[in-house]
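Let's take a walk through a protein model together. Keep the structure open beside you as you read.

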Amino acid sequence: TNFIISSPANAVIGRYNLILQVTSGNKIFSRFLGQFVLLFNPWCPGDDVYMANENERQEYVLNENGIIFVGNAKYIEARGWYYGQFQDHLLNICLTMLDLSLYYRQDPAIDVSRRGDPKYVGRVISSMINGNDNDNGVLLGKWQGSFHSHENPSRWDGSVVILQKWCQDNYKPVQYGQCWVFAGVMCTVLRCLGIPTRLVSNFNSAHDVDRNLSIDKYYDSSGKSLNISKDSTWDYHVWNESWFIRPDLGTPYNGWQVLDATPQEQSR
């Protein structure tokens, strides 16, 4: 006998056990047939992550190699990065990441029930890519001082080694990462789960700490700069965009959504 299983387009992603149950009179026979994994599906028109253009699906879901732009506005450097989202054991690592999150630990039933929503999964993964909020995250960020006892962030050239090391070290944050490393690893995880994702680099990147949408600088009466604002401008910053619809915000907001895993300060 052949069986065809059709899952709803908004089904929760993750591991499923497949059990065959046969009822005969007042007897019930159960048999475990195996396990399968359900992911987001950018080829399915009913899925929130549906992407109509095949070339874009090839690039933002299936491509295991990419370029990350870093440097400064006058000298932009193109860095190769190996995402490797289809490598052995990567899918298991990505699914385990969901189960290690603070969201899952606080309420496993509610967390799992929301895993059909790419908004929610994107937020959980964004939190788990960095280890700065004590949630067993993948990477620890460091921007100054010596890197001699661990890996200098500039030495990484792909996500697979980082994710494998995180798993082998019993989910202890790998040291160290900076913005392009966080973005590269998050791209790997989201593509692995079926969410179309890309990297965005921004040069002369303003960092507004107090959310007043301006970069504040203070000077005394003689024109000397006062170092009292935490706002700053970076040479560059790298983050991610993932493709999905926004039924919560309305059709004009469908498409590329910003996600940033670099741990500068906690969001609300």
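This is a predicted model: local features need pLDDT of at least 70, side-chain atom pairs count only at pLDDT 80 or more; totals for chains, interfaces and linings use all residues.

The mean pLDDT of the protein chain is 92, with 99% of its residues at 70 or more. That confidence can also be tracked element by element. Helix α1, residues 54-62, has the highest mean pLDDT, 98, while the lowest, 85, belongs to strand β9, residues 225-226.

Now find strand β5, which covers residues 139-141, and strand β6, which covers residues 174-177. These two pair up in the parallel sense, and three bridges link them. How does the chain get from β5 to β6? It passes through helix α6, residues 160-168, and this β-α-β crossover is left-handed.

Next up is some empty space. Rolling a probe the size of a water molecule over the atoms shows where such space is left. In this model, the second largest pocket holds about 180 Å³. Which residues line the second largest pocket? They are Gly71, Trp143, Gln178, Cys179, Trp180, Trp234, Asp235, Tyr236 and Gln264. By type, the lining splits into five nonpolar residues, three polar ones and one charged one.

Two elements, α7 (179-192) and β10 (232-244), each put at least two residues into that lining. The top contributor is β10, which supplies three residues.

Key
Residues are numbered from 1 along each chain as its sequence is written. Side-chain values use heavy atoms; hydrogens and water are left out. On a 1 Å grid over the protein atoms alone, a cavity is a set of points where a 1.4 Å probe fits but cannot get out, and a pocket is an open set with protein on both sides within 12 Å along at least five of seven lines; lining residues have an atom within 4 Å of a point. Grid points are joined across faces, edges and corners, and a volume is the space filled by probe spheres set on the points. Helices (H or I, at least four residues) and strands (E, at least two) are DSSP runs, numbered from the N terminus. Ala, Val, Leu, Ile, Met, Phe, Trp, Tyr, Cys and Pro count as nonpolar, Asp, Glu, Lys and Arg as charged, and the others, Gly among them, as polar. Two strands pair if DSSP finds at least two bridges between them. A crossover is right-handed if, with the strands pointing away from the viewer, the path from the first strand over the helix to the second runs clockwise. pLDDT is the predictor's confidence in each residue, from 0 to 100.
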